[in-house]
Amino acid sequence: MSGATLQGVVAKFYAEYVNNTPKKLKIIDAYLTYIFLTGVIQFVYCCLVGTFPFNAFLSGFISCVASFVLGVCLRLQVNPMNKKQFSGITPERGFADFIFAHVILHLIVVNFIG
């Protein structure tokens, strides 16, 4: 695959994403990108510097992974193309479940830090 073909595919993907993705999903995608980059930075820091307070690293990294998973679940539930699979769940209900799960997750994370 040449560089021009790859560049064309990326440009077409970006144009389709910008034109066809609803604003709500773009906001969720921005959140997912932020959580993903936070987890990568924590992992790189762990590899370079060390894991002296191991509980702090572990709880932070697990929080990033779990937040990413919850965000993906929210994106699946809010996506209008998935209405058929989530017929009984409104977007508001999906968001409420997301917030409730985050509260429980962060209570566990804070408890794990010690």
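## About the model

The model is predicted, so local features need pLDDT of at least 70 and side-chain atom pairs count only at pLDDT 80 or more, while totals for chains, interfaces and linings use all residues. Residues are numbered from 1 along each chain as its sequence is written, and side-chain values use heavy atoms, leaving out hydrogens and water.

## H3 against H4

Let's start with helix H3 (residues 54–78) and helix H4 (residues 91–113), whose axes come within 10 Å and cross at roughly 175°. Helices here are DSSP runs (H or I, at least four residues), numbered from the N terminus; axes are lines fitted to C-alpha atoms over the stretch in contact, with angles from 0 to 180 degrees between N-to-C directions. H3 and H4 are therefore roughly antiparallel (over 145 degrees).

Contact means heavy atoms within 4.5 Å. Residues making the H3–H4 contact include Leu58, Ser63, Ala66 and Leu74 of H3, and Phe95, Phe98, Leu105 and Val109 of H4. The contact residues divide into 13 nonpolar, nine polar and no charged (Asp, Glu, Lys and Arg count as charged; Ala, Val, Leu, Ile, Met, Phe, Trp, Tyr, Cys and Pro as nonpolar; the others, Gly among them, as polar).

## Serine 63

Serine 63 lies in helix H3 and is buried, at 11% relative accessible area (buried means under 20%, with a 1.4 Å probe and protein chains only). Beyond residues up to four places away in sequence, serine 63 touches Leu105, His106 and Val109.

## The nonpolar core

The largest nonpolar core has six residues: Leu25, Ile28, Leu32, Leu74, Val78 and Phe98. Such a core joins buried Ala, Val, Leu, Ile, Met, Phe, Trp, Tyr and Cys residues through side-chain atoms within 4.5 Å. Helix H2 (23–49) and H3 each give two or more residues, and H2 gives the most, with three.

Leaving aside neighbours within four places in sequence, leucine 74 is in contact with Ile28, Gly94, Phe95 and Phe98.

Definitions and conventions
Angles under 35 degrees count as roughly parallel, over 145 as roughly antiparallel, 65 to 115 as roughly perpendicular and the rest as oblique. Buried means under 20% relative accessible area, exposed over 50%, partly exposed in between (1.4 Å probe, protein chains only).
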